[in-house]
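Have the structure open as you read.

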Amino acid sequence: MTDRPAQTDRPPGLLPARLRATWDVIRDKGPSQLQFWFIALGIGIASGYLAVGFMLSISTLQTFLYGTDDPRMLHSFVVNLPWWWILLLPAAGGLLVGFILTRFTPDGRVRGVAEVIEGAALREGRVERRAGLASIFASLTTLSTGGSTGREGPVVHMVGLIAGWVSNKINADGVTGRELLGCAVAAGVAASFNAPLAGALFALEVVLRHFAVHAFAPITIAAVSGSVVSRIHFGDVTEFRLPADGTMAFYAELPAFAILGLTSGLVAVVLMRSVFVAEDFGTAVQRRFVIPAMARPAVSGLMLGALAIFFPHIIGVGYETTSAALSGNLILHEAMVFAAIKVFAVAVTMGGRMGGGIFSPALMIGALTGLAFGLLATGIFPDMSGSETVYALAGMGAVAAAVLGAPISTTLIVFEMTGDWQTGIAVMVAVGSATALSSRLVARSFFLEQLKRRGIHLAAGPQRYLLATIRVSSVLKAPEHPKAPKEDRIRRAVNEALFVDPSDTLEKAIPLFERSNSDFLAVVRLKDEGPPEIVGVVLYVDALRVFNRALAETAAEEHA
């Protein structure tokens, strides 16, 4: 009997050649479903480690700068530091942030969740790389030196860079690029809060803004892998711990939780609009007094430092104060004052363009709002009320859900962060009424309102924002095209201002069509001297055809 050749006897370089061939297929034709799941797993692991690394970096820098061994208890430690250190450290951090942003971003703004949502809708799942990296370091500096924001915004944009890099490597189309972005965001959020369910739903509800079945499996794989990475490093622990006696008198208390939701919705609107007012006010002051862009975050940091001397709970994410609210360890006066001061501190930080996210501050403000409401409710109706800590939990979810415009994922995040599923009905009632009210006063969420202020109307739906993705040049017909109008009609349209630039989008062209009732627009390039150069025409029927095709593709993606 002859011996068979060993399975390992292969021609040299055969395996690398097969790997290269597989990579070429993925790059040129896109990954198969199984390959995509493995890519999602890799993105999930990488995003999880980036989120964990970001959190550890904040803790390490806070330990070094504030001299505390437990950054989660930063509030209690800061009260014993010299006042000048509390005052100057945020200002120094703001100065460094100003240098980073003015040097590496075109507009001096920090990138966050809003830009990731924009990337998913308008840029085939890609986000800005250079400005994004600068924003990560700016937010790390802000959170480490006393900024009153959260870590989820920088994490979401940071993991979005991974997804964009992979999408570029495999030449991913818009559908694949968006799904990869969703995988990265799901893993980053899951690792940040040890909440895999909420991470997956956050990516679908907030970033992709649809629940397509084909995206659910890879996003779930990424979310679970990101959460596993977090648990390997931090253990299987919840973010907050609730007292064991947190109870509610269910049916009798449900109207109170509905009222709490309405109150929380108003608080969320105040928080969001405070940030926008602070942004506008800061810009006006900067222009009025000719303040350098690099100094703006430093001025905000100085204001935060002065405030932190008297209210040190505003520093950082606010874990200790949130835990105290959820445990009922604050009195009514403290809860109300701390909530108001935190709103002001968040507005100063974000209006000063320092960095960080808004989700963690919303959790803290919501917990304080809920506790204050609960103390009043249980005091007025003691025989019909359960524990005030349940109100704190419901308020935390309600304010955060209204700010994010994400009632489903926020409710799950609250459950997973606290480990308390017994009061789910109270949280759901509060979240539902809060988001119903706040969505009527802002563009559905803080992030979509941010984009709206920049002229990007994603809240209006694809029938509005898709127009901004289609350039006039893509439907342009040359003047000599058989279907193009005659030259004299084109010149008459130019004289009547019925023209667009080749770089314009249908967002400008369609309203012009509707106002003029014309069947075509001239496409021209304006010159400093001489008559405009006629490039061609765009026909109304062509513009509508391309727009309808884009709507159909979006509908197919969302319902696949």
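Helix H6 has 15 residues and spans 22 Å from its first C-alpha to its last, close to the 21 Å expected at 1.5 Å a residue. Keep in mind that this is a predicted model. H6 is mostly covered, with 12 of its 15 residues buried. The buried set takes in Ala131, Gly132, Ala134, Ser135 and Ile136, then Ala138, Ser139, Leu140, Thr141, Thr142, Leu143 and Ser144. What does the covering? The cover over the buried residues of H6 includes helix H2 (33-66), H4, helix H7 (152-169) and helix H14 (332-351). Just past the end of H6, glycine 146 takes a positive phi of about 115°.

Let's look at one of those neighbours, H4. The axes of H4 (residues 83-104) and H6 (residues 130-144) come within 9 Å and cross at roughly 180°. Angles over 145 degrees count as roughly antiparallel, and H4 and H6 are therefore roughly antiparallel to each other. On the H4 side, the contact is made by Gly93, Leu96, Val97, Ile100, Leu101, Arg103 and Phe104. H6 answers with Arg130, Ala131, Ala134, Phe137, Ala138, Thr141 and Thr142. Sorted by class, the contact of H4 with H6 has 9 nonpolar, 3 polar and 2 charged residues. An α-helix has 3.6 residues a turn, so residues three or four places apart point the same way.

Helix H13 (residues 319-326) packs against helix H16 (residues 388-404) at about 135°, and their axes are 8 Å apart. That makes H13 oblique to H16. Thr322, Ala325 and Leu326 of H13 meet Thr389, Ala392, Leu393 and Met396 of H16. The class count for H13 with H16 is 5 nonpolar, 2 polar and no charged residues.

Here are the two pairs laid out together.

| Helix pair | Angle | Axis distance |
|---|---|---|
| H4 and H6 | roughly 180° | within 9 Å |
| H13 and H16 | about 135° | 8 Å |

Is alanine 184 buried or exposed? At 0% relative accessibility, alanine 184 counts as buried. Leaving out residues up to four places away in sequence, alanine 184 touches Ile43, Ser47, Val159 and Ala163.

Most residues other than glycine have a negative phi, and most peptide bonds are trans. Asparagine 171 is not a glycine, yet has a positive phi of about 55°. Asparagine 171 sits in the loop between H7 and helix H8 (174-193), and is exposed, with a relative accessible area of 51%. Arginine 209 likewise has a positive phi, about 60°, although it is not a glycine. The loop holding arginine 209 runs between helix H9 (196-208) and helix H10 (213-234). With 23% relative accessibility, arginine 209 counts as partly exposed.

On to the sheet. Which order do the strands take in the sheet? The 3 strands form an open sheet in the order S1-S2-S3, with mixed pairing. Strand S1 (499-500) and strand S3 (533-539) are the edge strands, each pairing on one side only. Strand S2 (residues 520-525) and S3 pair in the antiparallel sense over 6 bridges. Isoleucine 534 in S3 is the bridge partner of valine 524, and leucine 539 in S3 is the bridge partner of phenylalanine 520. Helix H21 (residues 487-495) packs on the sheet, touching S1, S2 and S3, and its direction makes about 75° with that of S2. As for S3, 5 of its 7 residues are buried, so S3 is largely enclosed by the rest of the structure.

Stepping back to the whole protein, there are 23 helices and 3 strands. Buried residues make up 55% of its 560 residues. Of the contacts with a separation of 6 or more, 78% are accounted for by residues 24 or more positions apart.

Terms used: Residues numbered from 1 in each chain as written. Predicted model: local features only at pLDDT ≥ 70, side-chain atom pairs only at ≥ 80, totals over all residues. Heavy atoms only, no water. Axes fitted to C-alpha atoms, helices over the stretch in contact; angles between N-to-C directions. Helix = DSSP H or I, 4+ residues; strand = E, 2+ residues; numbered from the N terminus. Parallel < 35°, antiparallel > 145°, perpendicular 65-115°, else oblique. Contact = heavy atoms within 4.5 Å. Nonpolar A, V, L, I, M, F, W, Y, C, P; charged D, E, K, R; others polar. Expected span 1.5 Å × (residues − 1). Buried < 20%, exposed > 50% of the residue type's maximum accessible area, 1.4 Å probe, protein only. Pairing = 2+ DSSP bridges.
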